[in-house]
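Let's take a walk through this model together, with an eye on its aromatic rings. Have the sequence and the structure open as you read.

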Amino acid sequence: MYIRTLNSLLRSLQKNRSGKLLYYPSKVSFETGNICNLRCPLCPTADEDQKDVKRGFMSFEGFRNVFDKIAPFVKTIDLFSWGEPFLNKDLGKMIKYAKQRKPGIRIFIDSNLNVISEEQVEAVVRYGLDVLKVSCDGATQGVYEQYRVGGDLDAVLGNVRRILSRKAELNSLKPRIIWKYLVFRHNRAEVDEARDMAGMLGVDFEASGMRVDCGKEIFENVEESVERDRVWIPEDTEYDNYRDLTAGKTFCEKPWRTLTVNWDGEVVPCGAIYDCARYSFGNLLRQGFDEVWNGEKFVLARGVISGKSEGKKDHICSICKENGYQFF
C-alpha cells in the first residue's frame, strides 16, 4: 500500500514530460500469446507478410516472473494483446495467481471467445476476472464471418452462456461481460439487432468504429491506410473514425503511462506493435523493471514525442509520430 501511494504521489508531482520517470505505470498489458484461431483480414496474425515474426505463448512461469516485479505498483493488467488469449492453457492460472498475489488488481481480457475450456470458465468466474470483452461483429453467421474469418457465432454465444451460468451458480458478479461490436461497412445494419441480442443474454453492449489494418497503420500515413482499406470503413455514420483525416492525434501519452509485455518478455510501449522483437525496448524476463522503464529506448521515446530529442529513423515512436499517431 505504501509503495502504491508513493507511486501515485510521484506521478502527480512529475508533470514535465520527463524522459526518466520517478514513478511506474499503474497499468501493464500482457500478450499471453500472438497466435489466433481466426483470420481477421485487418489483423497481422493473419498476414502472410508477418510470417517472420516469432510466435508463441507466454508461460505461467514467465507471467509470474514479470507480475512479481510490477505487483507493488500496478493497479490494472490486460491479459491480451495480439492473438486469442484463451488459446493459452495457462490463462486461468495467471488470473488466479494475480488475484491471490494482489487481490485488488483489476484484470481485463478481450477475446473472440470461439474457444474456452471448462477450467478457464471456472477461473474467470471463481477468481474474479473483472471485465471480459467479447469481440463479436455480427448478429448472423453470414455477416459475422465476413470479418471474423473461421469464427462460429453460435459457439461464441454458447460460451457466453456457459460463463453466465457459472456466474449464477457461484452467485458472482464477475466478470462483467461486454459484447464488443466493431462496426464495418458490411455489418452496420446489424448493430441494433446485436444490441438486442446482448440485452436478451444479459450482457452489456459496446459498438465502436473499426480501425484500418492494425499491423500496418503506424507505418504509413492515414491517407494510404484509408485508401487501401476503404471497403471496410462504414461511411457517413457516427462509427466512421476516418471522416476527418486532419483530426488525428498530436501527442501520445503511452510511454508515460503504460507498456506491453510480449509473450516472451520483450517490452514495447503500446499494443500497436506486432513485431515486438524488432522494436523491443527491453526484456522483463531478463531485466529489472526500472532498467526497462527508464532505459535508453523509453527515455528516447519520451524525448521524441515531447520534442526534446531528435528521433532515430528505426525507433518505433519516431515512425509512429512521423505518421501522425494513427493508433486509436
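A residue is called buried when its relative accessible area is under 20%, exposed when over 50%, and partly exposed in between, using a 1.4 Å probe and protein chains only. The model is predicted, so local features need pLDDT of at least 70 and side-chain atom pairs count only at pLDDT 80 or more, while totals for chains, interfaces and linings use all residues. Residues are numbered from 1 along each chain as its sequence is written, and side-chain values use heavy atoms, with hydrogens and water left out.

Let's begin with the rings. The structure holds 18 aromatic pairs; rings of Phe, Tyr and Trp (its six-membered ring) pair if their centres lie within 6.5 Å, and planes under 30 degrees apart count as stacked, over 60 as edge-to-face and the rest as tilted. One of these pairs joins tyrosine 24 and phenylalanine 73, and it is tilted because the planes stand at 50 degrees, with the centres 4.7 Å apart. The two partners are 49 residues apart, tyrosine 24 in the loop between α1 (2-13) and β1 (27-30) and phenylalanine 73 in the loop between α2 (60-70) and β2 (76-78). Helices (H or I, at least four residues) and strands (E, at least two) are DSSP runs, numbered from the N terminus. Phenylalanine 73 is buried at 3% relative accessible area, whereas tyrosine 24, at 24%, is partly exposed.

Now move to tryptophan 82 and tyrosine 274. Their rings make an edge-to-face pair, 5.5 Å from centre to centre with 85 degrees between the planes. Tryptophan 82 lies in the loop between β2 and α3 (91-101) and tyrosine 274 in the loop between β8 (267-268) and α10 (289-293), so the pair ties together parts 192 residues apart in sequence. Tryptophan 82 is buried at 7% relative accessibility, and tyrosine 274 is buried at 4%.

Finally, visit tyrosine 147 in helix α5 (residues 141-147). This tyrosine is buried, with a relative accessible area of 6%. Its contacts (heavy atoms within 4.5 Å) include Arg39, Cys40, Phe184 and Trp232, leaving aside residues up to four places away in sequence. Tyrosine 147 and tryptophan 232 are 85 residues apart in sequence and 9.3 Å apart in space, C-alpha to C-alpha.
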